[in-house]
Amino acid sequence: MLTVRVGCKGREAAYHLGTLCSFRSHVACLSSSKITLGREKQTETPLRSPVWSCNEWDPLEEIIVGRVEGAHVPPFTEEVQAITVKRNWDFFKYRGGQPYPAAHLAKAAAEIETFCNILEQEGVTVRRPAIVDHSIEYKTPDFRSTGMHAAMPRDILLVIGDEIIEAPMAWRSRFFEYRAYRPLIKEYFQKGARWTTAPKPQMSDELYDKNYPDENDPNRHKITDQAKFVTTEFEPCFDAADFMRAGRDIFAQRSQVTNYSGIEWLKRHLGDKYNIHCLSFENGNPMHIDATLFIIAPGVVLSNPERTCHQIDMFKKAGWTVVYPPYPVIPDSHPLWMSSKWLSMNVLMLDTKRVICDVDEIPTVKMFEKLGIKPITLSIRHANSLGGGFHCWTTDIRRRGKMESYL
Ligand code: ARG
């Protein structure tokens, strides 16, 4: 007889027992650990984890697409100022803590709906984060802030095989961003995924360099070349989007939001089976690697021609093809509050033969055609304004394929 005390009665108790039992059988098939509940017969039906993604190009089956709803402008703190260009400062100063302009958000929301429909038409299951109130002010012993959005799942969720890792983040306005994804993550966990949350940073003043020179400083390149960033090494921090996955090889960059101890934490967490390669670029403002270096197929890497990769020979020596994508064509007049124009190379591979890319970035579209990859095009320009392209707006949940080494 199965006897488990779950502290509740009737239907609710039955529910708890149901989830516990199925939870047990997933654990049993995913690892050697077992939870034994009384003398209940052990069912060993192996259930596959709903989460499995090893790289950026294997055939895509399920994805999370971010949300426009409720997006708020982050308070204009030093870590935000460090990555924004001067012409946007007034926008942040006056709007920090407020919603983004409603008319702009409405257009962005419509674009993202179209994006979801196209993904579904291509046979991909689309999941969405919950709508949460990002305007609520929160306070910890170390800081206070309001939130930002749940628009860029790529920034916060790192999927390595069957494990979802919630990144610690580095911006105070993103401290609680994981909450929007918890309903989905709990569901994936119950169905067999592994779930890790990296150590939450304190985000006290020591994590930030208050005197960090702003984006417009002509010496910014030199400053980042000397490995000086707005985040210090006070404690580990990282955003998931500073990692580009190629099976057992993962490429990382020290950026304004990812510090060396954050990279080291991930390295130790993943262990010897993975190689984390720390790359650096000629880039005065590194934040999220996916508009700088993008791996589109086994042995094929897009390398931003304006941001020379100091370790590019490593790829060439391994026989990889390095492709330099064309310059973006988005006009200066279009607001990009949080990023450069290089979102043009921030594409989403559905597999090695199909790519989602911007309909107006004709040179990039042509580049893919030349490479024998079919571009599926649309515009998410208003959604781009919030800081990301197709890759940033999504995170893979499942791609068919194996965990392999490519270097
Ligand atoms: N910071 C990059 C740039 O300005 C954009 C990266 C966007 N990626 C992301 N995952 N949010 O070029």
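## Strand E1 and its partners

In strand E17, the residue that forms a bridge with Ile63 is Asp396. The two strands concerned, E1 and E17 (residues 394-399), run antiparallel and are joined by five bridges, where strands are said to pair if DSSP finds at least two bridges between them. On E2, the residue that stands opposite Ile64 is Arg127, and E1 and E2 pair in the parallel sense over three bridges. In a regular strand the side chains alternate between the two faces of the sheet.

This is a predicted model, in which local features need pLDDT of at least 70 and side-chain atom pairs count only at pLDDT 80 or more, while totals for chains, interfaces and linings use all residues. Residues are numbered from 1 along each chain as its sequence is written. The helices (H or I, at least four residues) and strands (E, at least two) named here are DSSP runs, numbered from the N terminus.

## The chain as a whole

The secondary structure of the chain comes to 11 helices and 17 strands. Of its 407 residues, 41% are buried; a residue is buried if 20 or more other C-beta atoms lie within 10 Å of its own, exposed if 12 or fewer, and partly exposed in between, with the C-beta atoms placed from the backbone. Two residues are in contact if their C-beta atoms, placed from the backbone, lie within 7 Å. Among the contacts in the chain with a separation of 6 or more, 72% are between residues 24 or more positions apart.

## Helix H4

Helix H4 covers residues 102-121, which makes 20 residues, and from its first C-alpha to its last it reaches 29 Å, close to the 28 Å expected at 1.5 Å a residue; the expected span is 1.5 Å times one less than the number of residues. The buried residues of this helix are Leu105, Ala108, Ile112, Phe115 and Leu119. Seen down the axis of H4, these buried residues fall within an arc of 75°, so they line one face of the helix, the arc being that of the directions from the helix axis to the C-beta atoms.

On the other side of H4, the exposed residues are Ala103, Ala106, Glu113, Asn117, Glu120 and Gln121. The buried residues of H4 pack against strand E1 (60-65), strand E2 (125-127), strand E16 (374-378) and helix H11 (381-384). H4 is followed by Gly123, which has a positive phi, near 90°.

## Helix H8

Helix H8 (residues 260-270) has Gly262, Ile263 and Leu266 among its residues, and these three are buried. They cover an arc of only 100° around the axis, which puts them on the same side of H8. The buried residues of H8 pack against strand E9 (249-253) and strand E10 (275-279), and the helix is followed by Gly271, whose phi is positive, near 80°.

Strand E14 (residues 348-351) and strand E15 (residues 354-358) run antiparallel and are joined by three bridges, with a hairpin of two residues leading from E14 to E15. Within this pair, Met349 stands opposite Val355 in E15.

Ala297, in strand E11, is buried, with 22 other C-beta atoms within 10 Å. Leaving aside its neighbours within four places in sequence, Ala297 is in contact with Trp57 and Thr352, and its C-alpha atom is separated by 8.2 Å from that of Asp351, 54 residues apart from it along the chain. Gly299 lies in the loop between strand E11 (293-297) and strand E12 (300-303) and is partly exposed, with 15 other C-beta atoms within 10 Å. Its contacts, again leaving aside neighbours within four places in sequence, are Gly319, Trp320, Thr321 and Tyr406.

Met203 is buried, with 25 other C-beta atoms within 10 Å. Ala227, likewise not a glycine, also has a positive phi of about 60°; with 10 C-beta neighbours inside 10 Å, Ala227 counts as exposed.

## Around the ligand

The ligand is surrounded by 15 residues, of which the closest are Ala241, His288, Ala291, Ser340 and Cys392; a residue is near a molecule if its C-beta atom, placed from the backbone, lies within 6 Å of it. This shell divides into six nonpolar, six polar and three charged residues, where Ala, Val, Leu, Ile, Met, Phe, Trp, Tyr, Cys and Pro count as nonpolar, Asp, Glu, Lys and Arg as charged, and the others, Gly among them, as polar.
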